[in-house]
Amino acid sequence: MMDGKFDNDIQAVVDADRAHVWHHLIQHKPFETGEPRVIVEGKGMKVWDQKGKEYLDAVSGAVWTVNVGYGRESIADAVRDQLVKMNYFAGSAGSVPGALFSEKLIEKMPGMSRVYYCNSGSEANEKAFKMIRQIAHKKYGGEKHKILYRDRDYHGGTLAAMSAGGQDERNMQYGPFAPGFVRVPHCMEYRKEELGLGHLSGRDFGIAAANLIEDVILREGPETVGGLCLEPVTAGGGVITPPEGYWDRVQEICRKYDILLHIDEVVCGIGRTGTEWFGYQHYGIKPDFVTMAKGVASGYAAIACCVTSEAVFDLFKSDPSDKMDHFRDISTFGGCTAGPAAALENMRIVEDEGLLENCAKMGERFMANLQALMDKHDVIGDVRGKGLFLGAELVKDRSTKEPVTEADVGAVVAECGNLGVIIGASNRSIPERNNVLCFSPALIVTAQEVDAITDAVDKALTKVFG
Ligand code: PMP
């Protein structure tokens, strides 16, 4: 711990946690004998658990969220000031931080125009799905209602978001799902054999991978397909950067068949990929919808946004005599002012501290480090990523690309933890895909810290694989 003091009796906290908290993602059986981990404090890149053990956090709060690092007093102050003045009002009314943050955000997103506030990435995605469905009703009598999503992409844990879920293990035992969501193939060059495109590489591969989307559209009937939802760089599905030529062709296909493009920036948004504010901005993408959550307020308050173009917004105000003219939706906590107040200060920090640039620079260093690790460890089959959003795919054999076991991936993650570095792994896909180590440190990370993370990974790989 930083100051060695707790405000609470920590054993009582751990006991209460073990007795009553249902933790995300994990099986609870081990807690019957072992202790759950409770994170009690954070500062900058570091966090401390209940035992006072210090960790360097290489995953920004487990799931690529705390972009500006821990313990930011200026965000806490901005939220406090806002809350004592006006904490909440929903429905048709706006708020001061809501208006100011949307103006700032739209400045960073040329071509986009309107911000719809809600609470989580899943919810933001569902707002976009509902808007796409409503546009189908307004313009096409409901026929053009299908939404395409991609194998290995993830869009959230609510049922419609899961219906657009490309990670099968997450969906097991929760069906049936919502109709009208159709899967398209992934675009991962490292596993191009799965796509039947093993003979292609570079731009030829990228274009062919995008054409697989067109095949699905033609199979379903273009008159039934209204939207395409994609992550610019796939996150939990294995850190998949798009191949060259992919996005240009995807956009051509969307234009050809009048399909709305929804970009899920829940992970990539607010600088994670370096240099640009959003992942899509690296690839010349002109989206109709952009959804974001995690890094928007770095976890200091819950906030998510579904951002649309003015053309989309216009469709919802065009005919006041039609009772379906507006978006018939509300998000109760979309009226919380803590979110946009925190987001405004978060954005100021990213700008004033040059974090887009630091992210690009440290991302390059991290990538070079991972490439060097590849020379040393045969178990690393591929390294991928953009900015501080990186992955290392672990395989038993580089020529067959057979994935290592989930247990071995877990052992690497656990050993890094023992060494005081928290890293992540792709998960909840199918077991054979849970073999990618994931790294997403806060955008404030220093060169020394990048090297320390790499060093822990090096040691952990040696321990687990020799
Ligand atoms: N989209 C992506 C790309 C995500 O990674 C996630 C969460 N990991 C979500 C959506 C869902 O966000 P939330 O958990 O805030 O609902």
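**Entry 1**

I began with helix 4 (residues 96–107) and helix 11 (residues 338–352), whose axes come within 8 Å and cross at roughly 35°. For my own reference, helices here are DSSP runs of H or I with at least four residues, strands are runs of E with at least two, and both are numbered from the N terminus. The axes are lines fitted to C-alpha atoms, for helices over the stretch in contact, and angles run from 0 to 180 degrees between N-to-C directions.

Before going on, I noted what kind of model this is: it is predicted, local features need pLDDT of at least 70, side-chain atom pairs count only at pLDDT 80 or more, and totals for chains, interfaces and linings use all residues. Residues are numbered from 1 along each chain as its sequence is written.

Next I looked up who meets whom. Helix 4 brings Pro 97, Gly 98, Leu 100, Phe 101 and Lys 104, and helix 11 brings Pro 340, Ala 341, Ala 343, Leu 344 and Met 347. Contact here is for C-beta atoms, placed from the backbone, that lie within 7 Å. By class, I wrote down 8 nonpolar, 1 polar and 1 charged residues for this contact. Nonpolar covers Ala, Val, Leu, Ile, Met, Phe, Trp, Tyr, Cys and Pro; charged covers Asp, Glu, Lys and Arg; the others, Gly among them, are polar.

A reminder that helps with such lists: an α-helix has 3.6 residues a turn, so residues three or four places apart point the same way.

**Entry 1: around the ligand**

I then turned to the ligand. Of the 16 residues around the ligand, the nearest are Ser 120, Gly 121, Ser 122, Gly 156 and Val 266. A residue is near if its C-beta atom, placed from the backbone, lies within 6 Å. The shell divides into 6 nonpolar, 8 polar and 2 charged residues.

Which element gives the most to this shell? It is helix 5 (residues 121–140), with 3 residues. I checked the span of helix 5 too: its 20 residues reach 28 Å from first C-alpha to last, close to the 28 Å expected at 1.5 Å a residue. The expected span is 1.5 Å times one less than the number of residues. After helix 5 comes Gly 141, with a positive phi near 60°.

I traced an open sheet of 7 strands in the order 4-10-9-8-7-5-6, with mixed pairing. Two strands pair if DSSP finds at least two bridges between them. Strand 4 (114–118) and strand 6 (181–184) stand at the edges with a single partner strand each, so one side of each is left without a neighbour in the sheet. From one strand to the next, the twist averages 20°.

Strand 5 (residues 146–150) runs parallel to strand 6, joined by 4 bridges, and Arg 150 stands opposite Val 184 there. In the loop between helix 7 (168–171) and strand 6 I found Pro 176. A cis peptide bond joins Gly 175 to Pro 176, with omega about 0°. Another loop, between helix 9 (246–256) and strand 8 (260–264), holds Asp 258. Its phi is positive, near 55°, in a residue other than glycine.

Strand 2 (residues 46–49) and strand 3 (residues 54–57) run antiparallel, with 3 bridges. Lys 46 has Leu 56 as its bridge partner, and Trp 48 stands opposite Glu 54. These strands form a hairpin with 4 residues between them, and Gly 52 in the turn has a positive phi of about 85°. Strand 3 runs parallel to strand 14 over 2 bridges, where Asp 57 partners Ile 422.

**Entry 2: strand 12 and its partners**

Last, I followed strand 12 (residues 390–397), which is antiparallel to strand 11 (residues 380–385) over 5 bridges. Strand 12 also pairs in the antiparallel sense with strand 16 (residues 436–439) over 4 bridges and with strand 13 (residues 402–403) over 2 bridges.

Note on methods
Two residues are in contact if their C-beta atoms, placed from the backbone, lie within 7 Å.
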